[in-house]
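Thanks for coming, everyone. Please put the sequence and the structure up on the screen, and then we will go through the interfaces.

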Amino acid sequence: MKQLVKGGRVIDPSQNLDSMQDVLITDGLISAMGPDLPTDDVDELYQLSPNHWVTPGLIDVHVHLRDPGRLDKETIQSGTEAAIVGGFTAVACMPNTQPTLDNLSTLQYVNYTAKNTARIPVYPVVAATKNIAGQELSEIAELKSHGAVAVSDDGHCLMDSRLMRLALSYCQMLEVPFVCHAEDMDLSGKGCMNEGYYSTLLGLAGIPNVSESVIVGRDIQLSRLTGGHVHFAHISTRQSVALIREAKAEGLPITAETAPHYIALTDAALTNYDPDFKMNPPLRSEQDRLALIEALKDGTIDAIATDHAPHTPDEKALPFDQCPNGVIGLETSLGVVLSTLYHTKLLTPLQIIARMSTGPAQCMRLPGGTLKVGSPADITVIQPELKWVVDVTQLKSKSRNTPFKGKTLQGRAVKVFSKGKELLLDNAAVLEPVTLTKEAVTIS
Amino acid sequence: MSTLSSLPTAPTWTKHHLIDAASLTVDEIQQVMAEAQTFSEILQRPVNKVPILRGKVIVNLFYENSTRTRTSFELAGQSLSADTINFGVSTSSVKKGETLIDTAETLLAMGIDAVVIRHASSGACHQLAQYFGDRVCVVNAGDGYHEHPTQALLDLFSLLQKMDSVAGKKITIVGDILHSRVARSNIHVLSKLGAEVHVVGPSTLLPVDIGKLGCIVHTQIEPALEDADVVMCLRLQLERQQSGLIPSTAEYTQLFGVNRYRLETYAKPGVVLMHPGPMNRGIEITSDIADDPRYSVITHQVANGVSVRMAVLHLVLGIHNLKGDAFNETVG
């Protein structure tokens, strides 16, 4: 079986490549790349236009699939379908499910369900401590041997510094990244938005920037002590960025991600008390937003991850200070990133794809993030100019809690291949009447 | 009914809801003052009830305990001949887990005209107003630490009984600014009218960037009180000590308590002393000045609450009334 993706602009940060190339897929693997590859012998031809980007499949290393436990919010199936629409060819799911993903049987449930219902790989991140209670470590070695790619108490911060030291030491031994939800829970207190002018104006309790950065500082020091790899999840402040930049310069095993909403929005967006703008960490100030963009540019932040956090409309209908934290992001991530960073010329296409594919793969030591010959053909085809409106009724996710509802975004994935298998994108087909054509050429 | 003819017959008021003072224009504030003046005169009469909201149903939806504000709104509604209903949280299905929107839906189905809401969550009032749109008027009687606009309006009204204008006056708000919706609403209203608003309190009870709301911030009482025309004390909730924000109420009183010595030494002679109530006598304010009619307008604030709330209810519900019925009948 040979497939040829022809005529697009190939953007592959793993090879520092940004040029017009054809990509040949043979039996699910990338078998050749070059300008003007011959079409004879090809079973399926995907003729693209020069303004299509052909990139390594996008990878989201931070999603909450709510499965097991809250299937009314999301399932492994609905969440991965949302991921495919968003252009992702792999996701890493967080362990704060019900029951907590901290034991072998729950991990086997996740693996089994993913195998049977998901069309893309689901990489489980397991709880660092049993029941995310911050008391005792989970059986990380056993969980790793059954597919866990990282550990995290995401949603909570491991406040016990001694236990954090032990966890990092143990993770170093097992070569497992520790995904750190950096938040001093005491400093955050009852805060439900960024502390600043807007929290004062709105009369909502604030979460100060230092709530994040004191833990980032602590865990950088513990990483230096133990050699453990800390991956900082959903970084939101300029102070954290400065600390991470310094730690990386020192050569410490530190990686970091931020989320699309932190680079597109600030706390000024909260003036209507819309619960779909509530997440943790909260939307920060413009200064923080700009620092995050700078960090994405220079690689201080390795990855953009959505922190996709589905919640039911009923829960989000509670008053702002009472409703749960979190927004969904899988289907809007690429559009938001391209609108915010590409169409504004802040980042180059290579930098953007590095943060959405190659970088995330490296953070979590996952396969993928490359179009090198011999790699599995996980490919995302992007139409960066395509304008589309976020219609929440059309989302594949079971939930609707997005701050980008009704917004016009520019840029969207129009085709996704997972190991050469074409995953259909009905939404894109509707939105994309002519530019993408596919002709199957059958050689008799 | 002759006095009513002094009411603006074609009000320029366009708001269906009174959610915050931040979005009020100077013109709107002055309209409330003008109407409140008329109503306060009416309230002096032997028959102190006017029929302009006859047939209107106003629901007091109070999720937090309140005696004075709720009673004040109730009296205001009744003085306008509206039917006022208290929807107490402890006696309703809210206790059984009904959400705010469920309650709103129920009230809407019952065909009510206005809701006066107090809620512990900042923004609850926004949420309710967004749900109702122009179908039901919403008046904020205090939401979390956000705003309490009718309190600020009645404070202004009380001040205007003592002075022609607040423009250029130094008005100092003393106490727990962080948890005070009264302070926020007052900063908005008073600064819009040209007053120089100062706030003072312990640094742990001053919200970040409060100065950007339009006030000057102090952490020492003396400069804050110096040459003040008005001093407004806030209630110090006793649980602030338990949550570690202040070491003790005694130390608070020592540093920020308003007493006769401080008032007479630093503030202008004839300074106006205010408190939104209920007072912790001996903590944020001493009884001798709270009860001294040369300074204190605290009881006037309570009395003025009714006329200002009548004005607000009349203005927001007046939009619905413009098509005819009670308002025009009465004025005509």
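By salt bridge I mean a side-chain nitrogen of Lys or Arg within 4 Å of a carboxyl oxygen of Asp or Glu.

A word on the ground rules. This is a predicted model, where local features need pLDDT of at least 70, side-chain atom pairs count only at pLDDT 80 or more, and totals for chains, interfaces and linings use all residues. Residues are numbered from 1 along each chain as its sequence is written, chains are lettered from A and ligands numbered from 1 in the order in which they are written, and side-chain values use heavy atoms, with hydrogens and water left out.

Now, where are the domains of chain A? Domain 1 covers 2-54 + 377-382 + 408-439, and domain 2 covers 57-363. Those bounds come from an automatic or database domain assignment. Taken over C-alpha atoms, the two centres are 30 Å apart. The contact takes 26 residues from domain 1 of chain A and 24 residues from domain 2 of chain A. Contact means heavy atoms within 4.5 Å.

How much area is buried between these two domains of chain A? About 2000 Å², and carbon and sulfur atoms give 68% of that. Buried area is the accessible area (1.4 Å probe) that two parts lose on being put together, summed over both. Look at Pro13(A), Trp53(A) and Gln410(A). They supply 25% of the area that domain 1 of chain A buries against domain 2 of chain A, more than any other three residues.

Which elements give two or more residues to that side of domain 1 of chain A? They are β1 (2-12), β2 (17-26), β16 (379-389) and β17 (408-418) of chain A. Helices (H or I, at least four residues) and strands (E, at least two) are DSSP runs, numbered from the N terminus. The largest share, eight residues, comes from β17(A). By class, this side has 13 nonpolar, seven polar and six charged residues. Here Ala, Val, Leu, Ile, Met, Phe, Trp, Tyr, Cys and Pro count as nonpolar, Asp, Glu, Lys and Arg as charged, and the others, Gly among them, as polar.

Stay in chain A for one residue. Thr80(A) sits in helix α1 (residues 76-85). Is Thr80(A) buried or exposed? Buried, with a relative accessible area of 0%. The cut-offs are under 20% for buried, over 50% for exposed, and partly exposed in between (1.4 Å probe, protein chains only). A polar atom of the Thr80(A) side chain lies 3.0 Å from the backbone oxygen of Gln77(A). Leaving out residues up to four places away in sequence, Thr80(A) touches Val91(A), Thr117(A), Ala118(A), Ile120(A) and Val122(A).

Next, chain A against chain B. Here 16 residues of chain A are in contact with 21 residues of chain B. The buried area is about 1400 Å², with 58% from carbon and sulfur atoms. Tyr197(A), Thr200(A) and Tyr273(A) supply 37% of what chain A buries against chain B, more than any other three residues. Salt bridges between the chains: zero. Residue pairs in polar contact: eight, both at pLDDT 80 or more.

On to chain B. Domain 1 is 2-148 + 303-327, and domain 2 is 162-296. Their C-alpha centres lie 28 Å apart. About 1200 Å² is buried between them, 59% of it from carbon and sulfur atoms. This interface has one salt bridge. Arg181(B) and Glu64(B) meet in a salt bridge through their side chains, at 3.0 Å, N to O.

Last stop: helix α4 (residues 124-132) of chain B. Seven of its nine residues are buried. Among them are Cys125(B), His126(B) and Phe132(B). The cover includes β1 (57-62), α3 (100-109), β3 (114-119) and β4 (137-143) of chain B. After α4(B) comes Gly133(B), with a positive phi near 60°.

Notes:
Polar contact = N/O pair within 3.5 Å; in protein donor to acceptor, adjacent residues only side chain to side chain.
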